[in-house]
Amino acid sequence: MNKEEQIRIINKTIAKTKFALKPLGFNLIFWGFLIISMSLFQYFFPEIVQFNKYSALIYWVLIPLLGMIYTTYYNIKIGNKIGYETILGRVIKIIWGVFGVSWIVIIIISLLNNVNPVQDILFLLGTTLMMSGLIIKFNKITLGGISLIIFILYTYFVPGLNFLLVNVVGITFGMLLPGLALYLYKENE
Amino acid sequence: MNKEIEKLLFNPIRLKIISFLINVEHGNFKALLEITDSTKGNLSIQLKKLNEAKLIKIKKYFQQSYPTTDYSITNKGKKNFEDFFKQLELYNMKK
C-alpha cells in the first residue's frame, strides 16, 4: 500500500463517519408537535386543563416528562443502531441535556415566583436551537433559533399576549418547521 | 516516526479502524465491521493487534442482557495517528 492509497483510505473512512442529522430532526418534530398540541388543547379546552389550581402545572410537567422519557429511549435506541457516537453528536447531546436541566430549573423558579415560564423557556430554546444549527451547520435550524429569540424579545414588550398562542407561533417557526427541514434533508447530497 | 506504528498502519483494515476511531467518541464492533468492509475474524485480529500496541482501548459491558464491546482511540493512538498523518501531508506537499 503506497502513501496515496493511505491518504485515500483515511479520507474515505472519515467521509463515511457522519453525524446523523435525522434523529435530531425527529426530536425537534416530536417536541414541536407535542408542545403545539398541548398549547392548542389548553387554548380550546381550558375548563379541562385548568379545572383546579394545580391541574395546568401537572399538565405541563407530567406530559413533557413522559416526552423526555420517550425521546431518551428513542435516542438510546438510535445510538445503538448507528453503533458510534461522533464528537459532534456528543456536543449536541450535552447542549440539549443542559437545556433539559435548565428547563426544569426555570419551571421550579417560575413556580416559586408565581410567574409564567413560557417566555423564559422559549428564549432558552431559541438560544439552544441557534447553537445547534451553528454547530451542525444547518442554516434553517440557526434561523429558526434566531427568529424564536427575536419573537420572544418582542413579546416581552407587548403586554396582554396569550402565552399559549405565543407558544404555538414560536414553536411552529422556531422548532417544528426547521425540524421538518432537517428530517427531510438528504444527508448524501 | 515510530517504525512499529508505521508498520501497524500499513495494513488497510487497521488504518481504517484508526481513521474511524479518531473521528468518533467510541464505536461498536458492528459499526467497525461496516466501516472497514472486513470479515468478523479479520477485524477481531486487527483490533487485538491495535489494542496490544495500546493504540485503542476496549470496553465490554452488557446492554439489555447482551454483551457489547465498544472501541475508542487512546491518547497514544491519537498522537501516533497525528504524526503518521503529518508525514503523509509532508509527502503530499513535496510531490
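A word on bookkeeping: residues are numbered from 1 along each chain as its sequence is written, while chains are lettered from A and ligands numbered from 1 in the order in which they are written. As this is a predicted model, local features need pLDDT of at least 70 and side-chain atom pairs count only at pLDDT 80 or more, whereas totals for chains, interfaces and linings use all residues.

Let's start with chain A. It has eight helices and one strand, where helices (H or I, at least four residues) and strands (E, at least two) are DSSP runs, numbered from the N terminus. From the N terminus on, the order is α-α-α-α-β-α-α-α-α. Take the contacts in chain A between residues at least 6 apart in sequence, and 70% of them join residues at least 24 apart. A contact here means that the C-beta atoms of two residues, placed from the backbone, lie within 7 Å.

Now look at a helix pair inside chain A. Two packed helices are described by the angle between their axes and the distance between the axes. For helix H6 (residues 118-136) and helix H8 (residues 163-184) of chain A, the angle is about 5° and the axes are 11 Å apart. (Axes are lines fitted to C-alpha atoms, for helices over the stretch in contact, and angles run from 0 to 180 degrees between N-to-C directions.) H6(A) and H8(A) are therefore roughly parallel to each other; angles under 35 degrees get that name, those over 145 are roughly antiparallel, 65 to 115 is roughly perpendicular, and the rest are oblique. From H6(A) come A:Val118, A:Leu122, A:Leu125, A:Gly126 and A:Leu129, and they meet residues of H8(A) including A:Phe163, A:Val166 and A:Met175. The residues of this contact are seven nonpolar, four polar and no charged. In this count Ala, Val, Leu, Ile, Met, Phe, Trp, Tyr, Cys and Pro are nonpolar, Asp, Glu, Lys and Arg are charged, and the others, Gly among them, are polar.

On to chain B, which has five helices and three strands, in the pattern α-α-β-α-α-β-β-α along the sequence. Its C-alpha trace spans about 55 × 25 × 20 Å along its principal axes, and 32% of its 95 residues count as buried.

How do the chains meet? The contact takes 19 residues from chain B and 18 residues from chain A. On the chain B side, H2, strand E1 (24-28), helix H3 (29-36) and helix H5 (75-94) each supply at least two residues. That side of chain B divides into nine nonpolar, seven polar and three charged residues.

One part of the meeting is helix on helix. Helix H1 (residues 3-16) of chain A packs against helix H2 (residues 12-21) of chain B at about 45°, with the axes 9 Å apart. That makes H1(A) oblique to H2(B). Among the residues in this contact are A:Ile9, A:Ile10 and A:Ile14 of H1(A), and B:Leu15, B:Lys16 and B:Phe20 of H2(B). Overall, the contact of H1(A) with H2(B) has six nonpolar, three polar and one charged residue.

The other part to look at is a sheet. Strand E1 (residues 84-86) of chain A and E1(B) pair in the antiparallel sense over three bridges; two strands pair if DSSP finds at least two bridges between them. In E1(B), B:His26 is the bridge partner of A:Glu85, and B:Gly27 is the bridge partner of A:Tyr84. B:Gly27 also has B:Tyr71 as its bridge partner in E3(B). E1(B) and strand E3 (residues 66-73) of chain B are antiparallel, over two bridges, with B:Asn28 bridging to B:Asp70 in E3(B).

Put together, four strands form an open antiparallel sheet in the order E1(A)-E1(B)-E3(B)-E2(B). E1 of chain A and strand E2 (56-63) of chain B stand at the edges, each with a single partner strand, so one side of each is left without a neighbour in the sheet. From one strand to the next, the twist averages 25°.

Methods. A residue is buried if 20 or more other C-beta atoms lie within 10 Å of its own, exposed if 12 or fewer, and partly exposed in between; C-beta atoms are placed from the backbone.
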